[in-house]
Amino acid sequence: MNAKLRTLIAAALVIGIASGPAVAHASSVPAPAASERIAPLVSTPPNAAALEAAIAGLGPRHMDATAALVRVGGTAGCWQGSAGVADIRTGRAAVEQGRFRAGSVTKAFTAAVVLQLAAEGRVDLDGPVRRHLPGTVPDRYGAVTVRQLLNHTSGIPAADGPGDSFEAQWERRFDVTDPRAQVANAVAKEREFAPGSAQHYLNINYTVLGVLIEKVTGMRYEDAVGARILGPLGLHRTSFPGRTETRIRGPHNRGYQAIPKGDGSRELRDVTEWNSSDRWAAGDIISTTADLERFTVALFSGRVVPRDRLEEMFTVPHVKDFASGEPAVMTAGLSRTVLPDGTVAWGKTGGRHGYNTAIGATRDLSRTLVYSVNATDAKGQDVNPVALGVIMAAFTK
């Protein structure tokens, strides 16, 4: 595939995958001009040979991933595949319907619940957050709105964490984090920019939204998502680990982080067990490729969020990215990618140590993609080559 295509997709994938404890730094993919051609339906079936090649040879000796699970669907046809090992100790084959940590894909679920509440008249997207959560956002921040939290234009800075390095996070992997304490820590700082004037992809926006969901519904965040999305869609293999759970319950492929050794070799350290309470409503969901595919199709079809509110998930604010200065690409829970042939893909990536995940689709659902790649540097600043190969094979001829 050409270098331009690879660069565009790589930039889009970085958001949500290559984030540190609470923030992603990445070059944004430019939004297309109004005159750009938007390609018609994806009319070609999935390229099985390219998809098979993208996940070939995975295992403990592969430099980038130990396993991968992929589902490509849509009106143009479907393809499913798995490769690699479930664990490097036994070498048993990857569990095709295995569960995995989906990271920031959680934000699509959180955004969907907030938009449902807006459709019910219980949340005003243009109203200040402090109307629902008095005292949470300081007056000096200005009137931060719910919509600005959804599309990462609030100006609220990241909460403090253990640090960006893997070892720093490894030492604190079983810490239990209180989301309200995270919010208090973040808003004690000065705002990054005036609300609505820039976009900065930060987990803290969705942590505040999780607190808002609890306040408005009177339910735990996890129960609200369960009652409104998981139950109605029959996503029985999707769950939240809760504040103290460190394991992935049910069949799963173990995750590993590559640790360089002094002799030039590497250790694959098992990072499967980890407390994700610091990500909470921004990134702690556990799911399967089948469940995420069902969610994606239902979401894009208007069966999760009413269609008039669903447009929020396909509307990019007309601001620049705070870090790169490029045009914004994030929406309410999703992001926008324009391929060189004019095809527009929408989706969300996620990264937790040992796991890179993505959901994506064309707006018309002619092509959908869900993958979980057991990346050996899932939170690295570079896009995992296996994940990149999968998305290129799924969305290109």
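1. The hairpin of β9 and β10. Strands β9 and β10 form a hairpin with 5 residues between them, and L365 in the turn has a positive phi of about 65°. Strands here are DSSP runs of E of at least two residues, helices are runs of H or I of at least four residues, and both are numbered from the N terminus.

2. The model is predicted, so local features need pLDDT of at least 70 and side-chain atom pairs count only at pLDDT 80 or more, while totals for chains, interfaces and linings use all residues. Residues are numbered from 1 along each chain as its sequence is written, and side-chain values use heavy atoms, with hydrogens and water left out.

3. The sheet as a whole. In an open sheet, 6 strands follow the order β2-β1-β10-β9-β8-β7, with antiparallel pairing. Strands β2 (79–84) and β7 (335–338) stand at the edges with a single partner strand each, so one side of each has no neighbour in the sheet. From one strand to the next the twist averages 15°, an angle taken between N-to-C directions on a scale from 0 to 180 degrees, with axes fitted as lines to C-alpha atoms (for helices, over the stretch in contact). As background, strands of a sheet pair through backbone hydrogen bonds, either parallel or antiparallel.

4. Strand β10 and its other partner. Strand β1 (residues 65–73) is joined to β10 (residues 368–375) by 7 bridges, and the two run antiparallel. A68 stands opposite V373 in β10, and the bridge partner of L69 in β10 is S372. Helix α12 (residues 385–395) packs on the sheet and touches β1, β8 (344–352), β9 (355–362) and β10, its direction making about 165° with that of β10.

5. How covered is β10, and which way do its residues point? Of its 8 residues, 8 are buried, that is, under 20% relative accessible area, whereas exposed means over 50% and partly exposed lies in between (1.4 Å probe, protein chains only). T368, V370, S372 and N374 point one way from β10, while L369, Y371, V373 and A375 point the other way. In a regular strand the side chains alternate between the two faces of the sheet.

6. The nonpolar cores. A nonpolar core is a set of buried Ala, Val, Leu, Ile, Met, Phe, Trp, Tyr and Cys residues joined through side-chain atoms within 4.5 Å. The largest one has 75 residues, of which F109, L150, I229 and F295 touch the most other members. Helix α3 gives the most to this core, with 9 residues. Leaving aside neighbours within four places in sequence, F109 is in contact (heavy atoms within 4.5 Å) with V225, I229, L230, L235, I285, L292 and F295. Apart from this core lies another, of 28 residues, among them L51, I55, A345 and L369.

7. Salt bridges. A salt bridge is a side-chain nitrogen of Lys or Arg within 4 Å of a carboxyl oxygen of Asp or Glu, and by this rule the count comes to 21. R147 forms one with D126, the closest N and O atoms being 2.1 Å apart. Because R147 lies in helix α5 (residues 146–150) and D126 in the loop between α3 (106–119) and α4 (129–132), the pair ties together parts that are 21 residues apart in sequence. R147 is partly exposed at 22% relative accessible area, whereas D126 is exposed at 52%. E311 and R363 also meet in a salt bridge, at 2.5 Å from N to O, and this pair links distant parts of the chain, with E311 in the loop between α11 (307–310) and β7 and R363 in the loop between β9 and β10, 52 residues apart.

8. A buried serine. S287 is found in strand β6 (residues 286–287) and is buried, with a relative accessible area of 0%. A polar contact of 2.7 Å joins its side chain to that of T238; such a contact is a pair of N or O atoms within 3.5 Å, where within protein one must be able to donate a hydrogen and the other to accept it, and residues adjacent in sequence count only if both atoms are side-chain atoms.

How values were computed:
Two strands pair if DSSP finds at least two bridges between them.
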